[in-house]
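Dear colleague,

Please find below the structure that I am handing over to you. My findings follow it, arranged by topic for a first reading.

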Amino acid sequence: MNFEAYNKIIEMLKQNNLDTEAKLLEDLFIQYNLNPKENKSQIGKKIKDMCNPKWFGDLYIKGISLKEWYGLLDKLSKSL
């Protein structure tokens, strides 16, 4: 998992008062890191789904360009 992208996404979500989304991603991240290898693919798929332009990509995030935001989401998604 790309920790740099993950940390930046969490930071940007919290800065923009998107605490529900940040908490959801944090919870999935914990599950991803604590589960055995065979369960990681299911959790990883949920995180990838969140990185989709129709979910997190559709959020308005101040302080970062849309291109940069999509880039972070793409990095996280591809690292799973």
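In which loop is asparagine 17 found? Asparagine 17 sits in the loop between α1 and α2. Please note that this is a predicted model. The phi angle of asparagine 17 is near 55°, which is a positive value in a residue other than glycine. Its relative accessibility is 64%, and asparagine 17 therefore counts as exposed, the cut-off being over 50%.

Aspartate 19 belongs to helix α2. With a relative accessibility of 47%, aspartate 19 counts as partly exposed. Aspartate 19 and lysine 62 are separated by 43 residues in sequence, and their C-alpha atoms are 14 Å apart in space.

I turn next to helix α3. This helix covers residues 37–50 and has 14 residues. From its first C-alpha to its last, α3 reaches 20 Å, close to the 20 Å expected at 1.5 Å a residue. The buried residues of α3 are Ile43, Gly44, Ile47 and Met50. Among the elements that cover these buried residues are α2 (19–34) and α4 (66–78).

The packing of α2 against α3 deserves a separate paragraph. The axes of these two helices come within 9 Å and cross at roughly 155°. Because angles over 145 degrees count as roughly antiparallel, α2 and α3 are roughly antiparallel to each other. Their crossing is left-handed. On the α2 side, the contact is made by Glu21, Leu24, Leu25, Leu28, Phe29, Gln31, Tyr32 and Asn33. On the α3 side, Lys40, Ile43, Gly44, Lys46, Ile47 and Met50 take part. Sorted by class, this contact of α2 with α3 has 8 nonpolar, 3 polar and 3 charged residues.

Helix α1 spans residues 3–15, and its axis comes within 9 Å of that of α4, with a crossing angle of roughly 135°. The two helices α1 and α4 are therefore oblique to each other. The crossing of α1 and α4 is left-handed. In this contact, Ala5, Tyr6, Lys8, Ile9, Met12 and Leu13 of α1 meet Trp69, Leu72, Leu73, Lys75 and Leu76 of α4. By class, the contact of α1 with α4 has 9 nonpolar residues, no polar residues and 2 charged residues.

With kind regards

Methods:
Residues numbered from 1 in each chain as written. Predicted model: local features only at pLDDT ≥ 70, side-chain atom pairs only at ≥ 80, totals over all residues. Heavy atoms only, no water. Helix = DSSP H or I, 4+ residues; strand = E, 2+ residues; numbered from the N terminus. Expected span 1.5 Å × (residues − 1). Buried < 20%, exposed > 50% of the residue type's maximum accessible area, 1.4 Å probe, protein only. Contact = heavy atoms within 4.5 Å. Axes fitted to C-alpha atoms, helices over the stretch in contact; angles between N-to-C directions. Parallel < 35°, antiparallel > 145°, perpendicular 65-115°, else oblique. Left-handed = near helix turned anticlockwise from the far one by under 90°. Nonpolar A, V, L, I, M, F, W, Y, C, P; charged D, E, K, R; others polar.
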